Structures are given as C-alpha cells and as structure tokens.
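Trainee: Please walk me through this model, and tell me what stands behind each term.

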Amino acid sequence: NLDNLTILLQYLSKKEVKDISGQFYKQNFPNITLNSSLIDINHPEYGIDINKYRQLYYKKAGVDSNSEKQIWNYCQQYIQGLDWVHYYYHNWPLNWQWFYPFNYSPLITDLVNYLTNSSSKIPPLIHVSLNCTDPLIPFQQLLCVIPPKSKNLLPTFLWHLYSDQK
C-alpha cells in the first residue's frame, strides 16, 4: 500500500536530518560520508549540511545527486525491492531473478519526493514479483545472497564456486 508507505516515510523524513547529524556526533555508525567538511556552522541545530551530505551519499552509491531521473530510478528500484520482499514473505514471489542493484537505500526525503510527485512524472510501479521465473532451490538462493568472505557459512561442497577472496 503505497499510500500508507508514503505516510510512514513522511513521518520518518521529518527526523532524517537530525538522525544523520546524530550519527555524525555520536559516531555510532562509522560512515565515510560523515566527515568534518559537512559541519554546518550556519545551522547548528542541524549539525551538518544535509545538501553536502546528500551529494556525498549518492556519490558513494554511484548515483548523480543532481539528476532527478537517476534519483527517481534509485527510488523506484527501492520500492520495487519492498514489493518483492512483501511477496516473498506474504505470498510467493514469481520473479526469482530480480535483485536490488544498489548497496544503499535512497534517503527518506527522496523516497517521499518520489512517492508524492505527480504520477505523470513518475513511471508506474512495475510489480517485479509478478514476472514469472523458476524458483531457486535453497542452495542457489544462499549463493545469491552470501558474500564470498562468508562462504564458510555454506556447505563445503559449494565453496569452489567462490573465488579465493576472503
């Protein structure tokens, strides 16, 4: 339900800048995008310059923060991922080939902008879960999600499928 998701994200977006600033000052989550160049002396209530943070964050993610089209694609892929996970846990995903192509989620404020913009600007949500592909067997699924440095979590007969990366 995208309407309910939008309401939830709108609520969370009101706290996003404060939460990101809190990460900077507490250093609870080491994050290379949070560095001293982001301190905003003109707005001490925020702590950091969110626009600079946004540029660094999306650069790290491989997305051009100045390209609305790239940001919207990023958001659309994320929403599709939520849709796929919903089908995975509540029904049965028909598309076992879909994957989220990014390492990070979009910022919440960008997700809200994506979901609340006019439908004429945003391509319709493609329910990736409805595109039928053969299901993966359990070991195949594990091979899709376990990184090479964690191959020891798999049965030893599958280790050869990974390179010698640690």
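Trainee: Which residues lie nearest the centre of the second largest pocket?

Mentor: Its lining holds 15 residues, and Glu-16, Ile-20, Gln-23, Tyr-53 and Leu-107 lie nearest the centre. The elements giving two or more residues to this lining are α1 (2-26) and α2 (50-61), and α1 gives the most, with six. This is a predicted model, where local features need pLDDT of at least 70 and side-chain atom pairs count only at pLDDT 80 or more, while totals for chains, interfaces and linings use all residues. Residues are numbered from 1 along each chain as its sequence is written, and side-chain values use heavy atoms, with hydrogens and water left out.

Trainee: What makes something a pocket, and what makes a residue part of the lining?

Mentor: A 1 Å grid is laid over the protein atoms alone; a pocket is an open set of points where a 1.4 Å probe fits, with protein on both sides within 12 Å along at least five of seven lines, and a lining residue has an atom within 4 Å of a point. The second largest pocket has about 260 Å³ of space, and the largest has about 330 Å³. Volume here means the space filled by probe spheres set on the points, which are joined across faces, edges and corners.

Trainee: Which residues line the largest pocket?

Mentor: They are Trp-84, Val-85, Tyr-88, Tyr-89, Trp-96, Gln-97, Trp-98, Phe-99, Leu-136, Gln-141, Cys-144 and Val-145. Here the elements with two or more lining residues are α3 (68-90) and α5 (138-145); α3 gives the most, four residues.

Trainee: How do you know how many residues in that lining are nonpolar, polar or charged?

Mentor: Ala, Val, Leu, Ile, Met, Phe, Trp, Tyr, Cys and Pro count as nonpolar, Asp, Glu, Lys and Arg as charged, and the others, Gly among them, as polar. Sorted this way, the largest pocket's lining has 10 nonpolar, two polar and no charged residues. The second largest pocket's lining divides into eight nonpolar, three polar and four charged.

**Helices, burial and core**

Trainee: How many helices and strands does the protein chain have?

Mentor: There are five helices and zero strands. A helix is a DSSP run of H or I with at least four residues, a strand is a run of E with at least two, and numbering starts from the N terminus.

Trainee: Why does Thr-6 count as buried?

Mentor: Buried means under 20% relative accessible area, with exposed over 50% and partly exposed in between (1.4 Å probe, protein chains only). Thr-6 counts as buried because its relative accessibility is 11%. Thr-6 is found in helix α1. In the whole protein chain, 34% of the 166 residues are buried.

Trainee: What makes a set of residues a nonpolar core?

Mentor: The members are buried Ala, Val, Leu, Ile, Met, Phe, Trp, Tyr and Cys residues joined through side-chain atoms within 4.5 Å. The largest nonpolar core has 22 residues, and Tyr-53 and Tyr-58 touch the most other members. At least two residues each come from α1, α2, α3 and α4 (108-116), and α3 supplies the largest share, five.

Trainee: Which residues does Tyr-58 touch, not counting those up to four places away in sequence?

Mentor: Contact means heavy atoms within 4.5 Å. By that test, Tyr-58 touches Val-63, Ser-65, Ile-71, Tyr-74, Pro-106, Leu-107 and Asp-110. With the same exclusion, Thr-6 touches Leu-115 and Thr-116.
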